[in-house]
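The sequence and structure are shown first.

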Amino acid sequence: MIFSSLLYCITNSFMYFATVALWMMMLFWGKAINELLVGFIMKTLKKNATLSDWILYGFGKLPIAVSMIAILISYNTCGTVGLIISAFFYYFLLCTMVQDCIDQLIYYPIIFFKEYFMKGEKPGLNLSLTSIHIHFSLFLLWLLICGCHLPCSIEWARNYHHSKYLDPDPSLITSLILNTCAGILWQMEIPKRNLKFYKQLSNLCIAASIILFLFCQTALFRIAPILTLVFVVITLHQCFSSWIGVQDLIDNQVSGANDKTPQKKVE
C-alpha cells in the first residue's frame with residue numbers, strides 16, 4: 001500500500017510539472033516550435049523554407065492528411081512511430097491555437113481604437129479557451145498512451161536492420177484507432193455545447209480513473225487500452241451526440257410552440 005501510494009504521488013507530480021512545462025512552451029516558444037517544424041520539413045523533403053512553410057500551413061488546414069500519413073507509417077514501421085508523429089503535430093496545433101489567442105489580445109487595442117473612434121462601435125473580444133483546454137487534455141492522454149507503447153518503438157529501432165516492421169506490434173491497433181479519432185477531432189470545432197450524455201461521459205471518465213488507480217499501478221499493459229477507450233468515447237460523443245442533442249432541442253421548441261398555441265373552445 002505504501003509503495004502504491006508513493007508511486008502514485010511520483011507519477012502525479014511528474015504529470016503536474018510536465019503539464020506546466022508544456023503550457024510554458026506553448027506560451028513563450030510557440031513560434032520557435034513552428035520554426036523547428038519548418039526546418040524539419042526542409043531537411044526531410046529537401047525543400048526551401050517557403051515551400052516547407054506552405055506544406056505546414058496545408059497540414060494545419062487539412063489535419064486529416066497527417067493522421068492518414070501516420071496510419072501509413074504505422075503499417076510500414078511501428079505503431080508507436082505513428083503515435084509520436086501525430087503527437088508532435090497535435091502539439092503544433094495547440095501552439096497555433098494559443099498563438100492565435102495571444103495575437104487577438106495583442107491586436108485588440110488597435111482594433112478597438114479603430115472601430116470605436118472611426119465607426120463608433122465597440123468590437124467584441126471573441127476569446128475562448130475551452131477548445132484549447134479540451135484539446136490539451138486529449139493531448140495529455142495521447143502522451144500517456146505513447147509512453148505506455150514506448151518500448152515497442154525501442155524494440156523496433158533495435159531490430160530495424162533486420163526488419164523494417166515490428167511483428168508482432170502491440171501498438172499498431174492503438175495507433176490506428178487513435179489516429180482515426182484524431183483525424184475526426186482535428187477537423188471539428190470542439191467542444192460542442194448543449195450535448196446529451198455529458199453526465200454519463202463524466203461518470204465513465206471517473207470510473208476509468210478509478211480502474212487505473214486500483215488495477216494499473218504495476219500492470220502498465222492495462223493503461224493504454226483503457227485510455228484508448230476513453231479517447232474513442234469522447235470522439236464518438238462529439239461526433240454523434242450533437243445530432244441527437246440538436247434534434248432534441250428542435251423537438252422541445254416545436255412542442256413548446258404547440259403548447260403556447262391557443263386552442264379554440266368547442267361549444
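C78 lies in the loop between α4 (64-76) and α5, helices here being DSSP runs (H or I, at least four residues) numbered from the N terminus. The model is predicted: local features need pLDDT of at least 70, side-chain atom pairs count only at pLDDT 80 or more, and totals for chains, interfaces and linings use all residues. Residues are numbered from 1 along each chain as its sequence is written, and side-chain values use heavy atoms, with hydrogens and water left out.

C78 is buried, at a relative accessible area of 0%; buried means under 20% (1.4 Å probe, protein chains only). Between C78 and L166 there are 5.8 Å from C-alpha to C-alpha, although they stand 88 residues apart in sequence.

In α4, the buried residues are A65, V66, S67, A70, I71 and S74.

The largest nonpolar core has 40 residues. Such a core is a set of buried Ala, Val, Leu, Ile, Met, Phe, Trp, Tyr and Cys residues joined through side-chain atoms within 4.5 Å. M26, F136, L138, F139, W142, W186 and F231 touch the most other members. The largest share, 11 residues, comes from α5. Apart from this core lies another, of 5 residues, including C78, V81, W156 and L166.

The table gives contacts (heavy atoms within 4.5 Å), leaving aside neighbours up to four places away in sequence.

| Residue | Residues in contact (within 4.5 Å) |
|---|---|
| C78 | I73, C152, S153, W156, L166, D169, S171 |
| W142 | L83, S86, A87, Y90, L178, N179, A182, F231 |

Technical notes:
Buried < 20%, exposed > 50% of the residue type's maximum accessible area, 1.4 Å probe, protein only. Helix = DSSP H or I, 4+ residues; strand = E, 2+ residues; numbered from the N terminus.
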